[in-house]
Amino acid sequence: AARAWWSVYASQHTDACAKLTADIDMEGCMERYTPPAIYVGTFDGQGHTISNFVINNPAVNNIGLIGAVGDGAVVKNVILDESCSLYAANYAGVIGTTSGSGTINVTNVGFEGEVGVATRNAAGIVGVCAGGSMNMIITNCWVTGVITNGVESGAICGYSGSGSVVTNCWSTCQMSSSAIYSSDSFTRGS
């Protein structure tokens, strides 16, 4: 129960700040997990790893450790390992989607599991920058897992928008042919 406590708190206090103090195994806790509505706080994993974070809901959009982020959100220093799996209707990744305009920062985030969607925008780090209006600063992130299904997907971000900056990120992930959008399979932008 304590492992899912933060998700309930953050869904009511979307500007909450959190730091992981140890690795977390979410096995047996996911039925209590509630992602924050539109998270605008700071989540600092302090280099820790989250295991068995599994959400398989092909009828719901915005699936991720954090389903949606808004202006000012910071997500950093966390790894979702190979036991993690995310599947949504649309918009899945460590962060499912952005909301509104402004700036978010994602730094030192790794995704090693599997992410997929029924329709569009699966990615290891950010599923989609909704409307392309959020300035995303994505730095030192990596994806080594598998991206499956859906169109307009990418290793780091399914769609990043014109105001985003992706720096020092890498991927060795496998992508299904249906997920690849032309030659821009690393991150799509305008």
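Analyst: Cys129 is buried, with a relative accessible area of 0%. This is a predicted model, where local features need pLDDT of at least 70, side-chain atom pairs count only at pLDDT 80 or more, and totals for chains, interfaces and linings use all residues. Residues are numbered from 1 along each chain as its sequence is written, and side-chain values use heavy atoms, with hydrogens and water left out.

User: Why is Cys129 called buried?

Analyst: Buried means under 20% relative accessible area, exposed over 50%, partly exposed in between (1.4 Å probe, protein chains only). Cys129 has 0%, so it is buried. Cys17 has 62%, so it is exposed.

User: How many disulfides does the structure hold?

Analyst: It holds 0. A disulfide is a pair of cysteine sulfur atoms within 2.5 Å.

User: What makes β5 and β8 a pair?

Analyst: Two strands pair if DSSP finds at least two bridges between them. Strands (E, at least two residues) are DSSP runs, numbered from the N terminus. β5 and β8 (residues 95-98) are joined by 3 bridges, so they pair; they run parallel. Val69 stands opposite Thr98 in β8.

User: Why do β5 and β11 stand at the edges?

Analyst: The open sheet has 3 strands in the order β5-β8-β11, with parallel pairing. β5 (66-69) and β11 (126-128) each have a single partner strand, so one side of each lacks a neighbour in the sheet.

Note on methods. Helices (H or I, at least four residues) and strands (E, at least two) are DSSP runs, numbered from the N terminus.
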